[in-house]
Amino acid sequence: MSSKTIISTIFMLLLSISIPRALSIDVDITTLGAKADEKTDINAALTDAWKQACGAKGASKVIIPKGIYLLSGPIIMAGPCQGTIELVVEGTLKAPESIKGDTWVSFEHVDQFTMSGGGIFDGQGQSAWGKNDCAKDATCDAMAYNLRFNYLNKALIHDITSLNSKNFHVNVLGCNDITFKSFTITAPATSLNTDGIHIGRSKGVNVIDSKIGTGDDCISIGDGSQQVHITNVKCGPGHGISIGSLGRYPNEEPVSGIFVQHCTLSNTDNGLRIKSWPGLESGTAADLHFEDIIMENVKNPILIDQMYCPYNQCNHNSASKVKISKVSFKRITGTSATPLAVQLVCSSGLPCESIELEDVDLKYTGGGGPATSECSNVKPKIAGTFTVAGCEA
């Protein structure tokens with residue numbers, strides 16, 4: 001062996017010794033005092049476990065074994081972490097009947113985060129649904145969301161259930177590259193304001209192979225959402241899959257690149273919906289695509305509503321300032337629970353542009369005539385099968 005080879009070998013050996021090895025740790029919360037007795041609050045144990053795992057270099061895990069645990073919340077599991085981190089939830093976490101504030105469990109500023117395990121986050125929302133409706137009463141007490149994901153990069157949430165949230169089940173804000181797979185949301189149709197997954201100001205959001213049944217939108221897409229892919233999602237009960245509402249607040253960011261494909265909506269109050277408020281703030285929504293969707297007894301299967309005004313909180317005489325363009329509804333089949341299966345009500349001030357309806361085959365289940373369509377301030381391009389007469393006139 002030459003002297004150069006020996007020196008090189010020694011140098012590499014010294015370098016490997018001088019660089020700290022990545023250390024991965026697995027932290028089981030039951031080793032920190034957590035008990036699956038539904039009485040002992042695990043807030044402190046979970047917080048401690050997260051800090052240990054987040055501070056370790058390498059791929060670390062926090063483990064919540066099978067059993068039923070009381071988690072009082074609110075709890076924030078925040079980064080940045082030293083390495084990748086996974087929360088393995090095998091058990092059921094139960095919220096108390098009352099939580100102060102609008103958050104139960106939150107994850108913030110974490111890169112390369114995974115949550116898995118088949119576990120359940122039970123918000124015990126039954127105690128909250130009958131209280132003040134914040135949509136009507138601005139002075140209402142805040143109700144807690146089950147899960148918040150704020151400013152995460154490269155996150156995967158799979159095989160997790162959100163049950164009976166007091167308010168929205170999931171809120172996604174400021175995230176980049178986050179995926180929900182085999183994710184289940186369950187709440188009765190009567191549960192107030194329990195949107196399934198709300199997405200806002202995030203890019204690269206995927207909801208795949210999931211089942212959502214709740215009392216509001218199964219998935220709602222707010223301003224600033226870009227490159228959102230919703231694939232093979234079963235929605236119902238609920239209010240459907242919605243973009244918006246938009247145009248309510250100042251400085252809303254554009255919505256673009258929304259793809260909803262191979263989904264089934266069953267017995268929902270709406271199907272595929274784009275909604276904006278009249279007469280308030282400006283905005284844009286473009287490059288929105290809905291394809292290969294099955295409707296099963298859905299009240300409003302296809303709806304663009306630029307006069308969205310719940311509880312008459314706006315001026316019906318003013319046009320929406322949100323521009324909607326480049327929207328396609330393709331291969332939408334099934335049944336409508338109302339005669340008006342397709343309704344495109346666009347802004348009189350900013351008419352919709354480049355709207356496509358292709359192979360729309362919807363049948364009215366109520367009898368008394370076929371399903372129909374209605375279009376205002378828009379001239380859609382219609383192709384293929386179109387069984388809902390009206391818009392083509």
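**Ground rules.** This is a predicted model: local features need pLDDT of at least 70, side-chain atom pairs count only at pLDDT 80 or more, and totals for chains, interfaces and linings use all residues. Numbering starts from 1 along each chain as its sequence is written, and side-chain values use heavy atoms, with hydrogens and water left out.

**Stop 1: the whole chain.** You get two helices and 27 strands. Both kinds are DSSP runs, numbered from the N terminus: helices are H or I with at least four residues, strands are E with at least two. The C-alpha atoms fill a box of roughly 85 × 60 × 35 Å along the principal axes. Colour by burial next. Of the 393 residues, 48% count as buried (under 20% relative accessible area; exposed is over 50%, partly exposed in between; 1.4 Å probe, protein chains only). Now the contacts, meaning heavy atoms within 4.5 Å. Among those between residues at least 6 apart in sequence, 77% join residues at least 24 apart.

**Stop 2: helix α2.** Select residues 43-55. At 1.5 Å a residue, these 13 residues should span 18 Å, and the end C-alpha atoms are 18 Å apart, which agrees. The expected span is 1.5 Å times one less than the number of residues. Show side chains. Asn43, Ala45, Leu46, Ala49, Trp50, Ala53 and Cys54 are buried. They cover an arc of only 165 degrees around the axis, which puts them on the same side of α2; the arc is that of the directions from the helix axis to the C-beta atoms. Turn to the face pointing away from the buried side: exposed Ala44 and Lys51 are there. What covers the buried residues?

**Stop 3: Gly257.** Select strand β19, residues 255-266, and find Gly257 in it. Buried or exposed? Gly257 is buried, with a relative accessible area of 0%. Its contacts include Gln226, Val228 and Asp287, leaving aside residues up to four places away in sequence. Lys203 is 54 residues from Gly257 in sequence and 9.4 Å away in space, C-alpha to C-alpha.

**Stop 4: Glu356.** Move to strand β25, residues 353-364, which holds Glu356. Glu356 counts as partly exposed, at 28% relative accessibility. Not counting residues up to four places away in sequence, Glu356 touches Val327, Ser328, Phe329, Lys330 and Lys381. Draw a C-alpha to C-alpha distance to Val327: 6.2 Å, across 29 residues of sequence.
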